[in-house]
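Grab a pencil and work through these exercises with the model open beside you. Each one sets a task and then walks through a solution.

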Amino acid sequence: AATAYEYRDIVPQYCNVAMDWGPIPDKPPGAGRLLQAQVFVRHGARAQIHDASCWPGGDEGAFTCDLWSLSTIVNSSDAPLAPFFRAVHLHGRDGLPGNCAPGQLVESGYEMGRRNGRRLRDAYIAREDLLTGALRDLPADALRVRSTDFSRTKQSAMALISGMYNESQARGAPGIAMRIVDQAVETMIVNPNVCPAAAGWQNAFFQSLPNAQAAELQAVCARLDITGSTNEECMNALGHSIDCLMSRLCPTVPFSPHNRTVPQEFLNDDASLLRRLWKVRDEVYWAYFKSAVDAGAFGALAGEVLALAEGAVSRDAEAPKLAVWSGHDTGPMEPLYAAFDLRPEPPFWPAFGSMLILEVWESTNGSLARWISDGAVVQGPMPFSEFQLQARALVRTADLCHDEPARPDHAKAEGYSFAEGLVKATDSRHWGRTQAALARTALVCCAIGALVLARWFGVVKAGSAPSFVDPHARFLRFGL
């Protein structure tokens, strides 16, 4: 049961101490040729993301980064037009103590991406022959790389590709296009520019937390002397606290001295306060993303994912064989966990370097879909039409982005179903929820009808913690 998990192993689990999720499972029974794999990754381990003070004396210690990037300017033929330049952060001149920029990808984070890439090579190049063994022999449309516009996510994508193709295997290959969109219109995250109604929805979500959850949230904030704050402000402050703590507790983050700079109150009594903090934040944000999915915040993302998968099933020559999506915990990782019910138990928050894969297979009974998360099958294999039905229903929720926000459905985080929403149709207190359930049910019915026709016709102090939401749009942009 969800309440059984006590977050005792959250440090090694979240920090991805092993830096490897193990081999990707063999093909499902009855499957033939692999048509496509879409790979979604969270960036690897990084330095603390905010430069605000963590606690009194929190400036003790330092982050030390040895991972840098070279950059130059090239023409349309990839010929360098200038020397290579190495970006170097000066000691004592950044917001963080040491020489790391806030949120900078660190060496272990790069290694997480590289090892993910090696696992992909073992499964999809060596075993399934999805891609060619040498990068220079790869057809132009076979590999598609998409990233949010942050250095750590772009570098994590590079690390993954370097794990798939080492230096000799990549020699002679043209430059790889990394698809990036302006952050203002990014679909991997909750974005009010993409889903305008999300602004009112987010306010309503935090204002209508279940009493017990809101009470625990406020109790934890009070325990940390964060007082007089709204539920949303409290969550912001707790997010900063966890960032500070994990940046010093994670063996995969180059901070020294580890652990000794963390206030003892977090570690006393078997780290009960640390575990309590993690538990309330993890559970509230799981409910947040479940509610965001219902509100249509990820309808656009679902449409992009579905279009690529359908292209593979229809044998579209321009559909990629392997698509890489490099982003954050808050998008695309946890939104996909929530949208497709891929995380039945806590912890829900994605670890550093977490990897989610959507496979599409050929079979004698039609195409199959399968989800793999951190080396384990979490859903499927299922008929592709079943995945398609789920995804199309999600795509249609994007229509809600231009409606007045309904009261968030916190019960969705506890497995609240369409049927339960309909049962409560006569209770006015549940009318907003019922309207959403009716809309979802109608969409599902329409999708089923379309499939039938297709088959028929053959076809820590208060005030000091920075917000984890954008200061202008007040939206989750990137998390831990």
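**Exercise 1. Find what share of the 480 residues in the chain is buried.**

Step 1. Start with the cut-offs: buried means under 20% relative accessible area, exposed means over 50%, and partly exposed is in between, with a 1.4 Å probe and protein chains only.

Step 2. Now for the ground rules. This is a predicted model, where local features need pLDDT of at least 70 and side-chain atom pairs count only at pLDDT 80 or more, while totals for chains, interfaces and linings use all residues. Residues are numbered from 1 along each chain as its sequence is written, and side-chain values use heavy atoms, with hydrogens and water left out.

Step 3. Count the elements: the chain has 13 helices and 11 strands. These are DSSP runs numbered from the N terminus, with helices being H or I of at least four residues and strands being E of at least two.

**Exercise 2. Work out which element gives the largest share of the lining of the largest pocket.**

Step 1. Get the idea first. Rolling a probe the size of a water molecule over the atoms shows where empty space is left.

Step 2. The largest pocket has a volume of about 1300 Å³, where a volume is the space filled by probe spheres set on the points. Of the 30 residues that line this pocket, the closest to its centre are Leu70, Met158, Gly175, Ile176 and Met178.

Step 3. Strand 3 (70–71), helix 3 (151–164) and helix 4 (167–170) each supply at least two lining residues. Helix 3 gives the largest share, with 7 residues.

Step 4. Sort the lining by type, and you get 19 nonpolar, 8 polar and 3 charged residues.

**Exercise 3. How many of the 14 residues of helix 3 are buried?**

Step 1. Check the length: helix 3 reaches 20 Å from its first C-alpha to its last, close to the 20 Å expected at 1.5 Å a residue. The expected span is 1.5 Å times one less than the number of residues.

Step 2. Count the cover: 10 of the 14 residues are buried, so helix 3 is mostly covered. Among them are Arg152, Gln155, Leu160 and Met164.

**Exercise 4. Trace how strand 9 pairs with strand 1 and strand 10.**

Step 1. Strands count as paired if DSSP finds at least two bridges between them.

Step 2. Strand 1 and strand 9 pair in the antiparallel sense over 8 bridges, and Val41 has Met355 in strand 9 as its bridge partner.

Step 3. On to strand 10, which is antiparallel to strand 9 and joined to it by 6 bridges. Here Leu356 has Ser373 as its bridge partner. The hairpin of these two strands has 4 residues between them, and Gly366 takes a positive phi near 105° there.

Step 4. Since 8 of the 9 residues of strand 9 (residues 355–363) are buried, strand 9 is largely enclosed by the rest of the structure.

Step 5. Strand 10 (residues 368–373) also pairs with strand 11, antiparallel over 5 bridges. Leu368 stands opposite Pro383 in strand 11.

**Exercise 5. Is Met19 buried or exposed?**

Step 1. Find Met19 in the loop between helix 1 (10–15) and strand 1 (31–42). Its phi is positive, about 60°, although Met19 is not a glycine.

Step 2. Met19 is buried, because its relative accessible area is 16%.

Key. On a 1 Å grid over the protein atoms alone, a cavity is a set of points where a 1.4 Å probe fits but cannot get out, and a pocket is an open set with protein on both sides within 12 Å along at least five of seven lines; lining residues have an atom within 4 Å of a point. Ala, Val, Leu, Ile, Met, Phe, Trp, Tyr, Cys and Pro count as nonpolar, Asp, Glu, Lys and Arg as charged, and the others, Gly among them, as polar.
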